[in-house]
Amino acid sequence: MLRIPFRVVFEQRGETARRLSLLVPLASVLAALFFGALFLLATGYSPIDTYINMFRDGFASFNGITDTLALSTVLICTGISAAFAFQMNLYNIGGEGQLYLGLIGGAWAGIALGDHLPTLLMVPVVLLCGAFAGAAWIFVPAFVRSRLGTSEIVSTLLLTYIGASLIKHVIYTPGSFFRNPNTSFPQGRLVADSASLDSFGSSRLYPTFFVALVIAGALYWVVKRTEFGYRINVIADSPKAAYYAGIHANRTTMWVMLISGALSGLAGAMLIVGPYGKIEPSIITLGYGYAGIVVAALARNNLGLIIVSGILFSGLKVGGNNLQVTTDTPIHIGVMLQGAILLFALGGEAFRRYHIHVVRVHDVSTKKVAA
Amino acid sequence: MNENIWILMSGDAIAIATTLILAALGALFTERSGVLNLGIEGILLTSAISSFLAADASGSVWLGLIVGSLIGALLASIHAVLSVVFRANQIVAGLALVIFGTGLANFLGKPAEGKTVTTVIKPISFGPLSDIPVIGPIVFGQDIITYLAIALAIVASRYLFSTRPGLELRATGDDPATVDAQGLSVARIRIRYTMIGGSLVGLGGSWLMLAQSAGWHQAATTNGLGWIALALVVFAGWRPMRIIFGAVLFGFTLQLPFTLQAEQITFIPSAFLEMLPYLATLIALIALSRPGSRNLLGAPRALGTPFVRDER
């Protein structure tokens, strides 16, 4: 086998420079964009035009920035849903499915309760129902994770596929409660007027954006300042220490997962009171729940940074989605770039945590010391 | 009741099981070395479309299968570098690979949309053996990759449990510090098996495309088989022989909706049948867990944790 004459050595950094914390994510995004540019060039598209279009449609126009903030409403919620669980090493990657259930729960409340309550009361009820449905969808994975240790990664994911079938079922089955009875074409039944919010002016941005900001702030406070948050931190750092300190890891696991599920469900309900007004079956192709995982990872599960990464990532998505309209670049390049940015960010993370240098292998003394 | 349909179904279930066996074996090799690669679904998709493009351009199925396997190894190497060299969070890295792979596959698949697979893998003919009623079409009606997949699982079992490299592989997943003390490179072993695993997953994806699908249907081509394969590894307790059994079982549940539809048995809603394989996996997963059962099940003890010599 070929012997490589060099060896990469990782030295743990004592303290991470603040400069690096900012520089590394930025460099990761740039590296991913550079990689994307090479790919675009190779496949015959102009990277500069593509990126200019993406930036303009994502951030630098009225429609662009408002659409970006509108999308970030959902992604901030699914982002904190993922980060909240991830920080305790609970990998709820089924936020996507919990979001579907949030849509169903929200639409149920919006249709069943009718026009009896004022909007100011109705919208919170719809949002709560969505959150409850999301929490219900993660209940089984949370229960078996905390009692039996069943991998929540696989169980939450399997439930996402089941949730997608459920969405199709409630829309495509004739006579379904959630299906619009007046059209032959299968589509969702509209929720009551009192359950729909108005967007700001001519934009597609809804007041739920501020709800998302408040929730992100509130959870940040819970994690940093409350006893519950303290328990989460102790369990995350050392399950053994938590055990000896008498912290019930099982109960905390259960609660953290339920809250995580509720947040993804809330994201779904926000679509009901906002842009959709009904169950839109195309939701199962949009991947807002999965995007939340990317948002969380880019923010390194820091609940305070989620707002920033959520907005940036939404801009990338909005800009990428418009590519199909403004140029002939396939929409999928946007998805690919999202993945690439995340991959580069993960690689870049090593440069933040470690001091990396390359040494020659035949230099025995260096090798011994470094290893 | 039409017997033929049930016979056909058994054959189809075994056929679907082929993708599952290959993908799950790939995941098993990766996980036995201590690396958790959740990117299986992304690898399946990308290798599926790569094999289609290669087979379509060259007219050779075999070239398609080879290209698909190589692409699988290539994508897995990204995961290997990130998780072994850069010590990134393997769960997030795997998911990133799924997102990246899905985007890449759909991007590459753009020109393939609407095209049908013209070069397909044909079942092997065993002459009179294939004509035996019931058993013939099921046992002797498959193509070479299906037989290869079953043979691979058997060989993998022998390799894992009765050879020295197999022992080293298992040790790397259970106790990397000991392997390191033996003078073996944990990083090299992990990268190697992550890539071998990726190529097996890639072969599964290519086969799914070239032998099972009529054409490229974006993400619907794999439709979550990668995730089922990951659950299958847990179900099989990280043992190759049990993967064959589990894969056939899941193949049946995946095939059941189509058979029932053909039989016009409609009292079960189709949405429920669609959920069945996922539901079955979930129930199996829960049924197999007991408090602290991770080791009882046979999960590699160091699964998902990077090995750093001085942080032992």
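User: Which loop of chain A holds A:R300?
Analyst: This is a predicted model, where local features need pLDDT of at least 70, side-chain atom pairs count only at pLDDT 80 or more, and totals for chains, interfaces and linings use all residues. Helices here are DSSP runs (H or I, at least four residues), numbered from the N terminus. A:R300 sits in the loop between helix 11 (288-298) and helix 12 (306-326) of chain A.

User: What is the phi of A:R300, roughly?
Analyst: Most residues other than glycine have a negative phi. A:R300 isn't a glycine, yet its phi is positive, at about 50 degrees.

User: Is B:W238 buried or exposed?
Analyst: B:W238 lies in the loop between helix 10 (225-235) and helix 11 (240-262) of chain B. Buried means under 20% relative accessible area, exposed over 50%, and partly exposed in between (1.4 Å probe, protein chains only). With a relative accessible area of 5%, B:W238 is therefore buried.

User: How far is the backbone oxygen of B:I43 from a polar atom of the side chain of B:S47?
Analyst: B:S47 belongs to helix 2 (residues 40-58) of chain B. Side-chain values use heavy atoms, with hydrogens and water left out. For the backbone oxygen of B:L44, the distance to a polar atom of the B:S47 side chain is 3.1 Å. For the backbone oxygen of B:I43, it comes to 2.8 Å.

User: How far apart are the end C-alpha atoms of helix 13 of chain A?
Analyst: Helix 13 covers residues 332-353, and at 1.5 Å a residue its 22 residues should span 32 Å. That expected span is 1.5 Å times one less than the number of residues. The end C-alpha atoms agree with it, being 32 Å apart.

Notes. Residues numbered from 1 in each chain as written. Chains lettered and ligands numbered in written order. Helix = DSSP H or I, 4+ residues; strand = E, 2+ residues; numbered from the N terminus. Polar contact = N/O pair within 3.5 Å; in protein donor to acceptor, adjacent residues only side chain to side chain.
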